[in-house]
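Biologist: I'd like to know where the labels on this model come from. Can we take them one at a time?
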Amino acid sequence: MRLTIHRGTRQIGGSCVEIATDSTRIIIDAGLPLDDIREDQKPRPKLDRDKPIPEGLAPVVDGLFAAGQKVDAIFLSHAHADHSGLLSHTREDIPVYMTRGTSKMLLAGSIFAAQCPVPRERQRTMKPRQPVVLGDLAITPWSVDHSTFDCVALLVESGGKRVLYSGDLRLHGRKPGMARALIQAASSPPVDVLVMEGTHFSGRHERGPTEEELEADIAGHVRTAEGLVCGIFSPMHVDRLVSFFKAARNNGRTFVVDPYGAFVLHLVSGQCRIPRPDAAAGIRVFYNAHFEQTWQRKNLGKIHGMFTASRVSKDEILRSPKDFLMLFRPSMLKLDFAGAFPSAAKCLYSYWNGYLVRKEWSDFKTQLAAAGGEFIECHTSGHIFSDDIVEFVKAVNPKEVIPVHTTSPSSFGEHFPNVRFPKDGEGIAV
Ligand SMILES: [Zn+2]
């Protein structure tokens with residue numbers, strides 16, 4: 001096999017990896033670079049599928065974005081834009097393998113989060129632990145715990161050689177069994193190459209709580225709240241969605257989601273243990289102003305009609321704010337609650353705190369404070385902590401480790417003797 005990391009050897013996000021033999025060639029992930037997080041910087045404008053990719057946004061990969069050497073398939077580890085964001089610009093004749101859950105998250109992202117969709121006819125479903133055989137490559141997805149739904153690591157085998165691409169993963173989630181199964185598969189016999197994510201070696205993150213500890217923390221804040229509780233988190237982080245839902249239910253509050261959150265619940269309810277939006281299950285839907293203003297233009301009549309039976313109005317929430325925990329986003333303070341935000345509200349912020357330097361968040365905190373509200377950070381990372389990277393790599397015991405998804409590849413060299421540091425685009429024989 002020949003392994004090429006087209007992008008990711010020295011950066012977080014924008015991931016793109018190629019594995020090829022003489023006869024078969026696959027690409028794993030085709031991501032957008034992450035936005036720089038700076039006070040003065042707005043998120044990058046959304047990509048337009050009908051226009052060429054702006055200069056410098058895509059790595060140079062022969063045959064992936066334009067005519068060239070054949071790519072047999074793309075495999076997607078998960079539905080985060082830094083791994084999937086360039087898919088819509090890849091050649092339309094290349095099939096894209098993904099899990100059922102990833103397909104669902106791409107759909108929700110394309111409707112509600114301005115991400116580009118991947119046409120159904122290009123999608124192929126892969127199931128965890130079931131190898132996909134393409135030519136002389138066998139590609140097996142292994143479920144991993146991360147901050148969106150149904151993510152996988154990919155084990156690629158050919159001619160007795162084995163490469164494991166970790167994708168994004170963590171060991172402090174709710175499902176430690178996933179990591180145990182992955183380690184077992186990758187260590188017996190040990191893989192020749194482990195392409196390992198090292199987000200937390202990049203120095204700007206510290207060890208945080210486990211998802212279960214965070215759930216207890218959220219529940220504690222909800223228990224002592226005297227007014228409305230607002231949960232600020234990504235609905236695609238289904239584990240976090242579950243933490244907030246349980247905190248609401250266990251404290252006698254109704255869990256309120258927006259149509260985006262409701263649609264994610266609708267999509268995943270068949271695959272995990274969380275109910276669909278339904279007043280009897282304690283989940284109701286708030287049709288926020290942004291959705292009300294845009295659903296007709298965006299042709300979302302079907303989704304609009306899907307949740308009307310469990311709809312909750314602003315007046316109902318304002319009549320008794322302490323009975324609700326609602327999924328919230330900064331724009332709602334102005335658009336939905338201008339001048340009428342309930343007093344003594346608690347906002348539980350559950351994203352990476354690096355985003356807080358952005359102006360939208362400082363504005364939000366100012367407005368919230370003016371309305372007598374409280375801003376509380378309640379978060380833990382979707383990425384594996386530094387100590388756990390060391391533990392995971394030692395357990396897999398690969399012949400060679402290649403850092404990816406990190407700005408600090410040299411940290412791997414401090415912990416392991418068998419690290420290789422290729423440059424972006426450099427081919428390696430396995
Ligand atoms: Zn990710």
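Modeller: Helices (H or I, at least four residues) and strands (E, at least two) are DSSP runs, numbered from the N terminus. By the way, this is a predicted model: local features need pLDDT of at least 70, side-chain atom pairs count only at pLDDT 80 or more, and totals for chains, interfaces and linings use all residues. Residues are numbered from 1 along each chain as its sequence is written.

Biologist: What makes α2 and α6 roughly parallel or roughly antiparallel?
Modeller: Their axes cross at roughly 160° and come within 10 Å. Axes are lines fitted to C-alpha atoms, for helices over the stretch in contact, and angles run from 0 to 180 degrees between N-to-C directions. Under 35 degrees is roughly parallel, over 145 roughly antiparallel, 65 to 115 roughly perpendicular and the rest oblique. So α2 and α6 count as roughly antiparallel.

Biologist: And which residues of α2 and α6 meet?
Modeller: G101, K104, A108, I111 and F112 in α2 meet Y260, F263, V264, L267 and V268 in α6. Contact means C-beta atoms, placed from the backbone, within 7 Å. That contact divides into 8 nonpolar, 1 polar and 1 charged (Ala, Val, Leu, Ile, Met, Phe, Trp, Tyr, Cys and Pro are nonpolar, Asp, Glu, Lys and Arg charged, and the others, Gly among them, polar).

Biologist: What is the angle between α4 and α5?
Modeller: α4 (residues 211-223) and α5 (residues 238-250) pack at about 35°, with axes 9 Å apart. Residues in this contact include L214 and I218 of α4, along with F244 and A247 of α5. By class, the contact has 7 nonpolar, 2 polar and 4 charged residues.

Biologist: What makes A114 worth a look?
Modeller: A114 isn't a glycine, although its phi is positive, about 55°. A114 sits in the loop between α2 and β6.

Biologist: Which peptide bond is cis?
Modeller: The one from S188 to P189, with omega near -5°. P189 is in the loop between α3 and β11.

Biologist: How is the chain split into domains?
Modeller: Domain 1 is 2-204 + 382-429 and domain 2 is 211-377, with bounds from an automatic or database domain assignment. Their C-alpha centres lie 31 Å apart, and 17 residues of domain 1 contact 18 of domain 2.

Conventions:
Two residues are in contact if their C-beta atoms, placed from the backbone, lie within 7 Å.
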